[in-house]
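Let's walk through this fold together, one piece at a time. Have the sequence and the 3D view open side by side as you read.

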Amino acid sequence: MTESDTDELVSDNLKGRVAVVTGAGSGIGAATAELLGLSGAKVALLDLRLDRLQQVAISLSQQEVVFHTKQVDVSVEEDVRKAFQEIGALWGRIDVVVANAGINGIWAPLVDITAAEWDLTLAVNLRSTFLTLKHSVPWLRQGGGGSIIVVSSINGNRVFSTLGATAYACSKAAQIALMKMSALEYARDRIRINAICPGSVATHIDESLTARNLDFIRRRPVQFPEGEVPLGDGAAAQADQVAEIAWFLASDYSNHVTGTEIYVDGAQSLLKG
């Protein structure tokens, strides 16, 4: 496939649709918002960090993408409810939702994790996903269906050897259970719900990591051949590579795919799990 063929495939594929992306201020969220916008969708960008939203807005404006930004704490139900109400009122419909917001949270030995640290990680990663689905499903149902994409992780699903990441892994594993349960529940409404499980990705998520006492966790020493990502010669994925899968799941090219997780990790989880 030539570059022009690819451009034609992407261009206007989502024309007339409205997409909402949480955690859209950087990384996977920003890359996904851009690609959906370049495919013809009107895109609403939700993020807690207003400064990052403004940076993404400048880029989208230069590419003539139709967008709307809103500062939202996706772990607070009233914020999420108001955001979807505002977007639905603005554009009359919602067709695609990317539940991407998340943090690494606390990585520490289990006995060193405070209840407050555990609750924060679960709130931002899992509670926010629940709230995003809860308040977007009525809009998708009203429009006759649509696509919801949950951004999970290889951690908690294929990988269980990441030192101290118990709270993070549990939140990501629960996202997959939530996705599968809701995919079956809303299949009759023609709402497709799937998940992406990235491995290492070059994003800002490490800025949200609090690591403590990881040296006290005992693990058998492992030496990975030429890095942990076999397909990428050891290199982490780029956010665009994850965004392309989100685009596929948002588009009609995946119109018979639901209740499924897709691993975007260059076989990292198969080697490391």
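A crossing of two helices is called right-handed if the near helix is turned clockwise from the far one by less than a right angle, and left-handed if it is turned anticlockwise. Keep that in mind as you look at this model, which is a predicted one.

How are two packed helices described in general? For H2 and H7, the axes come within 8 Å and cross at roughly 50°.

From H2, Gly27, Ile28, Ala31, Thr32, Leu35 and Leu36 take part, and they meet a set in H7 made up of Ala239, Asp240, Val242, Ala243, Glu244, Ala246, Trp247 and Ala250. Sorted by class, this contact has 10 nonpolar residues, with two polar and two charged ones besides.

Leaving out residues up to four places away in sequence, Leu45 touches Val21, Ala24, Ala33, Leu53, Val56, Leu60, Phe67, His68, Thr69 and Lys70.

Helix H3 also holds Gln55. Is Gln55 buried or exposed? With a relative accessible area of 58%, Gln55 is exposed, because the cut-off for that label is over 50%. Gln55 and Ser26 lie 29 residues apart in sequence, yet their C-alpha atoms are 8.8 Å apart in space.

Follow the chain past H7 and you reach Ser251, in the loop between H7 and strand E9 (261–264). Ser251 has a relative accessible area of 0%, so it counts as buried. Beyond its neighbours within four places in sequence, Ser251 is in contact with Asn13, Leu14 and Arg192.

Helix H5 (residues 115–142) and H6 pack with their axes 9 Å apart, at an angle of about 15°. Angles under 35 degrees count as roughly parallel, and H5 and H6 therefore fall into that class. Their crossing is right-handed.

On the H5 side of this contact you will find Trp118, Thr121, Leu122, Asn125, Leu126, Thr129, Phe130 and Leu133; the H6 residues they meet include Tyr168, Cys170, Lys172 and Leu178. By class, the contact divides into 10 nonpolar residues, seven polar and one charged.

Finish with Lys172, which sits in helix H6 (residues 166–185). Is this lysine buried or exposed? Lys172 counts as buried, because its relative accessibility is 3% and the limit is under 20%. Leaving aside its neighbours within four places in sequence, Lys172 is in contact with Asn125, Val151, Ser152, Ser153, Asn155 and Asn157.

Notes
Residues numbered from 1 in each chain as written. Predicted model: local features only at pLDDT ≥ 70, side-chain atom pairs only at ≥ 80, totals over all residues. Heavy atoms only, no water. Contact = heavy atoms within 4.5 Å. Axes fitted to C-alpha atoms, helices over the stretch in contact; angles between N-to-C directions. Helix = DSSP H or I, 4+ residues; strand = E, 2+ residues; numbered from the N terminus. Nonpolar A, V, L, I, M, F, W, Y, C, P; charged D, E, K, R; others polar. Buried < 20%, exposed > 50% of the residue type's maximum accessible area, 1.4 Å probe, protein only. Parallel < 35°, antiparallel > 145°, perpendicular 65-115°, else oblique.
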